Amino acid sequence: MTVLDAHLVVERETFRLDVPLRIAAGEVVALLGPNGAGKTTALRALAGLRPLTAGHVTLDGLDLDRPGSRLWTPVERRRVGVVFQDYLLFPHLSALDNVAFGPRRRGLAKRDARAKAADWLKRMDLTDYAARKPRHLSGGQAQRVALARALAVEPTLLLLDEPLAALDARTRLDTRTELHTHLGEHAGATLLVTHDPLDALILADRLVIIEDGRVVQEGDAAAVTARPRTDYVARLVGLNLFRGHGDGHDVRVGADFPLAVADRVSGEVFAAFPPSAVALHPERPEGSARNTWPATVASVQHNGDNLRVRLDGPIPVAADVTPAAVAQLRLVPGREVWAAVKATQVRAYPV
Amino acid sequence: MLVWSRRGRALLWTVFALVFVPVVLAPLAVLVLAAVAGSWNGVLPTGYTTGHLGDALAGEQVASLSVSLQTAFLAGIGAVIVGVWGALAVREAPPAARRIADAAMHLPIAVPSVVVGLGLLTAFSRPPIALNGTMWLVVIAHFVLVLAFAYSTVSAALERTDPAYAQVAASLGASPMRVLWRVRVPMLMPAVSAAASLSLALSMGEVGATIMVYPASWRPLSVTIFTLTDRGKVFLASAETVVLLATTVVILVGLGVATRRGRR
């Protein structure tokens with residue numbers, strides 16, 4: 001059942017957001033995109049903090065915002081909960097009163113509101129911190145209080161703005177796992193705005209990727225990671241991506257560079273392969289690889305246990321190699337090498 | 001601070017002491033001594049008495065202290081309320097109106113207090129609004145003089161608070177009125193307390209405008225001290241000053257403690 005049905009159109013002088021968005025009950029959708037793509041604008045439009053220029057926001061069959069018919073619902077009358085990026089817990093209220101704030105404003109008596117808040121804190125494993133003021137809470141605790149505060153009003157739509165961005169790496173790991181559990185229990189629709197692909201892949205059922213105000217790709221994690229459709233998405237999921245014209249087992253990419261692929265293709269296609277599929281050789285290799293070309297090392301960076309080498313040449317690619325290989329091949333910027341990729345490692349799919 | 005060599009720091013402390021001791025500490029010490037001096041002909045008083053302090057806490061003088069306190073509270077409360085309202089209102093106003101209103105609220109800082117006194121005196125000495133000879137002229141003068149300070153204290157604090165807190169409150173279902181009373185004003189409480197302290201302290205020591213407008217029935221302690229000094233009653237004036245100082249300090253410390261307790 002679709003809970004949120006929205007078409008968000010927001011126009012500013014130099015920017016236009018145009019994003020259709022539908023979220024079902026219990027579904028978690030991640031809105032992913034680079035900085036300035038319009039993610040936060042979309043979230044603020046849904047929350048009622050920024051009016052739409054056109055389009056509509058319909059929640060549970062009820063129009064909240066429809067500029068076409070001059071309809072507008074102020075933020076305090078929307079059944080929408082927001083977890084803001086810096087959590088923004090009220091500094092003058094205890095954790096308990098922060099959570100009780102929403103239920104109280106929605107008409108619960110003081111006692112009932114506080115009982116409900118205590119219940120939520122218990123669910124978040126924060127009972128011992130109920131009386132603390134926000135500045136005496138750790139980042140992870142503050143995040144959970146903010147989540148409890150947003151959920152305590154039983155929102156039909158829950159909005160999370162970069163919920164883990166303010167945390168350090170270690171806390172982020174634990175908090176992400178907990179957040180996953182709590183989002184799973186939320187009966188309403190959830191929209192998660194993030195620029196961190198890992199957050200999106202772990203927390204969301206479906207990804208909506210926007211660039212420059214428009215949706216460039218949409219789908220579940222498996223589909224998006226297997227078949228990226230823009231450079232941004234390819235980089236997010238760590239793939240080399242090229243667009244070109246396919247004919248038989250060849251895809252002509254870049255400046256007419258023929259890339260051999262295993263699948264039979266025709267017409268406009270994407271071709272993608274992981275950096276780990278790229279092998280580097282000091283001389284022209286004589287092995288079985290169908291794709292070989294001379295390349296120049298542009299940069300070498302750490303990437304987990306391996307090193308990521310960026311190569312210039314007929315097609316710019318990233319290659320993952322072991323530190324041993326870097327030493328052996330003396331991979332420094334400017335060094336000339338041969339790159340090889342097996343045709344079976346290159347995935348091709350229609351545009 | 002900012003000087004790291006040991007000798008440099010020692011030198012700095014000496015200079016500081018040389019300035020601080022004669023300019024700030026010595027007058028205060030002399031004042032306290034004078035308040036308990038029996039007679040004073042040499043370098044130090046030749047006899048000590050608690051008589052002056054006793055006099056300073058009796059009859060007419062206590063009435064004068066009470067006038068000071070009442071004036072300070074009335075003017076201070078008024079200034080804090082109007083200052084908070086002004087700061088909130090100015091922040092919401094469109095940019096052009098905002099600049100003008102902000103300058104207007106700061107204006108009394110630029111105007112000498114004697115001018116404020118004279119202005120009030122000439123403006124309200126005749127009908128339709130004749131306040132001449134009433135306590136209200138004193139209270140209004142103090143209100144005008146401390147308002148700018150109260151306003152700028154609260155306004156600076158408001159500038160530092162993230163407007164997103166109000167949006168959070170709204171997203172939790174709070175009406176604009178609730179947002180104001182449950183979030184925006186409570187978050188300003190530390191600044192409100194600071195503004196109240198500042199207003200009280202300023203009002204308790206105000207002379208310039210007060211001396212122009214005070215009626216015989218409403219004479220604040222600061223003016224009493226001035227007239228006593230003028231008439232050569234230096235010991236009694238000193239004792240009054242000590243009382244004024246002590247009262248102000250007690251109130252400020254009390255306010256500070258109350259604020260800190262509220263924030264914990």
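Student: How many residue pairs are in polar contact between chain B and chain A?

Tutor: Four, with both residues of each pair at pLDDT 80 or more. A polar contact is a pair of N or O atoms within 3.5 Å; within protein, one must be able to donate a hydrogen and the other to accept it, and residues adjacent in sequence count only if both atoms are side-chain atoms. Helix H7 (164-171), helix H8 (176-187) and helix H12 (234-263) of chain B each give two or more residues to the side that touches chain A. H7(B) has the largest share of that side, seven residues. By class, the side holds 11 nonpolar, five polar and five charged residues. Ala, Val, Leu, Ile, Met, Phe, Trp, Tyr, Cys and Pro count as nonpolar, Asp, Glu, Lys and Arg as charged, and the others, Gly among them, as polar.

Student: Before we go on, what are we looking at, and how are things numbered?

Tutor: This is a predicted model, where local features need pLDDT of at least 70 and side-chain atom pairs count only at pLDDT 80 or more, while totals for chains, interfaces and linings use all residues. Residues are numbered from 1 along each chain as its sequence is written, chains are lettered from A and ligands numbered from 1 in the order in which they are written, and side-chain values use heavy atoms, leaving out hydrogens and water.

Student: How many salt bridges are there across the interface of chain B and chain A?

Tutor: The rule finds zero. To count, a side-chain nitrogen of Lys or Arg must sit within 4 Å of a carboxyl oxygen of Asp or Glu. The chains do touch: 21 residues of chain B are in contact with 20 residues of chain A, contact being heavy atoms within 4.5 Å.

Student: What makes up the area buried between chain B and chain A?

Tutor: Buried area is the accessible area (1.4 Å probe) that two parts lose on being put together, summed over both. Here it's about 1800 Å², and carbon and sulfur atoms give 64% of it.

Student: OK, now chain A. Why is Thr190(A) called buried?

Tutor: Buried means under 20% relative accessible area, exposed means over 50%, and partly exposed is in between (1.4 Å probe, protein chains only). Thr190(A) has 1%, so it counts as buried. You'll find Thr190(A) in strand E9 (residues 189-194) of chain A. Leaving out residues up to four places away in sequence, Thr190(A) touches Ile23(A), Glu27(A), Val28(A), Val29(A), Leu158(A), Leu160(A) and Leu183(A).

Student: What makes a stretch a strand or a helix?

Tutor: Both are DSSP runs, numbered from the N terminus: helices are H or I with at least four residues, strands are E with at least two.

Student: And Gly61(A): buried or exposed?

Tutor: Exposed, because its relative accessibility is 68%. Gly61(A) sits in the loop between strand E4 (54-59) and strand E5 (62-66) of chain A. Its C-alpha atom is 8.2 Å from that of Asp5(A), though the two residues are 56 apart along the chain.

Student: How do you know on which side of the cut-off Arg70(A) falls?

Tutor: Arg70(A) has 80% relative accessibility, so it counts as exposed. Arg70(A) lies in the loop between E5 and strand E6 (71-72) of chain A. Its phi is positive, near 55°, in a residue other than glycine.

Student: What is the phi of Glu154(A)?

Tutor: It's near 45°, again a positive value in a residue other than glycine. Glu154(A) is in the loop between helix H4 (139-151) and strand E8 (157-161) of chain A.

Student: Which domains does chain A have?

Tutor: Domain 1 (2-232) and domain 2 (240-350), with bounds from an automatic or database domain assignment. Their centres, taken over C-alpha atoms, are 39 Å apart. The contact takes six residues from each of the two domains.

Student: What makes helix H11 (residues 221-230) of chain B mostly covered?

Tutor: Seven of its 10 residues are buried, including Leu221(B), Val223(B) and Ile225(B). After H11(B) comes Gly232(B), with a positive phi near 85°.

Student: How many helices and strands does chain B have?

Tutor: 12 helices and two strands. Of the 264 residues in chain B, 37% are buried.
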